[in-house]
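Have a look at the structure, then read on.

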Amino acid sequence: MEWFMNLTPIMQGLVATIFTWAITALGACLVFFFKTVDRKILNCMLGFGAGVMVAASFWSLLNPAIELCSELGYSQIILPAIGFFTGGVFIILADKMMDKYSYGVITQSDEIARDSIVQKYKKSILLVVAVTLHNIPEGLAVGVAFGGVAAGIPSATIGAAMSLALGIGLQNFPEGAAVSLPLRREGLSRTKSFFYGQASGIVEPIAGVLGAIAAMSVRSMLPFFLAFSAGAMISVVGSELLPEASIENKALTTIGLILGFITMMILDVALG
């Protein structure tokens, strides 16, 4: 672990987000062993991931943003609120754009309904893009968390940043499976299904490096970046994870949510 502590914040962000991508790939690996996974298990895992992200958005992102505002002489309410709101709206608008794009593709596929290969290709791309979209703020959040340590925020510690990366990695496992397994059911080969599943997480290392650079370069805007990442993560939970996980079993999803929150709370206290 000492080698990791000696890395620059940018390299720490890169290594941490490579870890979160690797967990996505590990989840996608399930396609080599199963064609389907019990929906209840996936629901519980998605709920768990949602709980982790809710807890991490406060302890690792929003709370440090509020503390840094006090140190910089900013309002502890206005800037974090604006950043949080902006991050949430960003995900909502991105989701709306995806819906619009998906509708256009579906319309086109109706015209070429006989060409099943093209249909599968387009559907595969849409599924990967949808998951990739909400992996971007997760990678940014990890990068910003490590950058915040270098910026000297009291509550921003290596332990807190590591727990955030671990928490995001845990919820990436079911995401990888949630992409690869449906594609396998549609008839794609195991190799292609795995490739698309892991590809949905490859954007996280890129976003992680950019987040760390931004956090270190513009310290005066770091509270905004932290709050933005927190708002984006909460928006992902509300628009993607919980609706998907609650389709069949709300009670099981809620239990997963509570356990995920508790796990992240324990990690933050133990490592922070």
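## α2 against α7

α7 covers residues 190-199, and its axis runs 8 Å from that of α2 at an angle of about 155 degrees. Axes here are lines fitted to C-alpha atoms over the stretch in contact, with angles from 0 to 180 degrees between N-to-C directions. Helices are DSSP runs (H or I, at least four residues), strands are E runs of at least two, and both are numbered from the N terminus.

Who touches whom? On the α2 side you'll find Trp 21, Thr 24, Ala 25 and Ala 28, which meet Phe 194, Gly 197 and Gln 198 of α7; contact means heavy atoms within 4.5 Å. Sorted by class, that's 4 nonpolar, 3 polar and no charged residues. Ala, Val, Leu, Ile, Met, Phe, Trp, Tyr, Cys and Pro count as nonpolar, Asp, Glu, Lys and Arg as charged, and the others, Gly among them, as polar.

## A word on the model

This is a predicted model, where local features need pLDDT of at least 70 and side-chain atom pairs need 80 or more, while totals for chains, interfaces and linings use all residues. Residues are numbered from 1 along each chain as its sequence is written, and side-chain values use heavy atoms, leaving out hydrogens and water.

## α2 against α8

α2 (residues 9-28) also packs on α8 (residues 203-217), with an angle of about 155 degrees and axes 8 Å apart. That makes α2 roughly antiparallel to α8. The crossing of α2 and α8 is right-handed. Among the residues in this contact are Pro 9, Leu 14 and Trp 21 of α2, plus Glu 204, Val 209 and Met 216 of α8. The classes come to 10 nonpolar, 3 polar and 1 charged.

## α3 against α9

α3 and α9 (residues 222-245) have axes 8 Å apart, at about 165 degrees. That makes α3 roughly antiparallel to α9. What is the handedness of the crossing where α3 passes α9? It's left-handed. The contact of α3 with α9 holds 24 nonpolar, 6 polar and 2 charged residues.

## Aromatic pairs

The structure has 9 aromatic pairs. For Trp 59 and Phe 261, the ring centres are 5.5 Å apart and the planes sit at 55 degrees, so this pair is tilted. (Rings of Phe, Tyr and Trp, using its six-membered ring, pair if their centres lie within 6.5 Å; planes under 30 degrees apart are stacked, over 60 edge-to-face, the rest tilted.) Trp 59 is in α3 (residues 39-72) and Phe 261 in α10 (residues 250-271), so the pair ties together parts 202 residues apart in sequence.

Terms used: Parallel < 35°, antiparallel > 145°, perpendicular 65-115°, else oblique. Left-handed = near helix turned anticlockwise from the far one by under 90°.
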